[in-house]
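This report covers ligand contacts and aromatic rings. The sequence and structure come first.

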Amino acid sequence: MSLEKFKLAVLVSGRGSNLQAIIDSIEQDAPDIQLSIVISNVKDAPALKRAEKHGIETVFIDPAASPDRKAFDKAVIDKLKERSVDLICLAGYMRILGREFIQTFANRIINIHPSLLPAFPGLDAQKQAIDYGVKFSGCTVHFVDEGIDSGPIIMQTAVPVFDHDDEESLTQRILEQEHILYPKAIKLIAGKK
Ligand code: GRF
């Protein structure tokens, strides 16, 4: 058995509640997983504070410092390569990854999306679900490919959508499940290294 830990990177842009769930879950019962680095494209993302509180290295990479998306992606790629990460988790990371990024880390990038994909990809998935009138929605952890929320599905959890729901109540119900599902999927992949 290898003594090397399974190295994780989490990419964030905002609140970081999924990041928090990942941190808590690793601290609780996954000593073989190391959250090596949290990278943000937003300087004041609350997610960065959450990571710092747990002694996790954080890096802000300023998109304004790069002439284009390719150059910005390259800066992130270099950081991830430096840390030799095994898996990259997007957790509310509000940027589309370019081809080079996806190809550099083929099958090693995962994302969580607040719908039962392939239904309602893209922005405002919960609002799309309410507007469509579906009776169930949920969340999906999937591999990231070059499309929008289109890569192979790893795990899903369904939640009911009630007649009295609005975007906010559905978002909350789905988010609770995201916080359970994302750490579970990460542990599943880490166990298969
Ligand atoms: C979550 O709803 C996730 O599904 C979506 O972005 C949101 C991020 O929330 N991709 P948080 O920053 O993890 O709290």
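Is Phe105 buried or exposed? Phe105 is buried, with a relative accessible area of 4%; buried means under 20%, exposed over 50% and partly exposed in between, with a 1.4 Å probe and protein chains only.

## Basis

The model is predicted: local features need pLDDT of at least 70, side-chain atom pairs count only at pLDDT 80 or more, and totals for chains, interfaces and linings use all residues. Residues are numbered from 1 along each chain as its sequence is written, and side-chain values use heavy atoms, leaving out hydrogens and water.

## Aromatic rings

A search of the whole structure gives two aromatic pairs. The ring centres of Phe101 and Phe105 are 5.6 Å apart with planes at 55°, so this pair is tilted. Rings of Phe, Tyr and Trp (its six-membered ring) pair if their centres lie within 6.5 Å; planes under 30 degrees apart are stacked, over 60 edge-to-face and the rest tilted. Phe101 is also buried, at 0% relative accessible area.

Arg95 lies over the face of Phe72, 4.0 Å from the ring centre (CZ of Arg or NZ of Lys within 6 Å of the centre and within 35 degrees of the ring normal).

## Ligand

Residues around the ligand (a heavy atom within 4 Å) include Arg15, Ser17, Gly92, His113 and Glu178. A polar backbone atom of Gly16 is 2.8 Å from a ligand oxygen atom. For Ile112, a backbone N or O atom lies 2.9 Å from a nitrogen atom of the ligand.

How values were computed:
A polar contact is a pair of N or O atoms within 3.5 Å; within protein, one must be able to donate a hydrogen and the other to accept it, and residues adjacent in sequence count only if both atoms are side-chain atoms.
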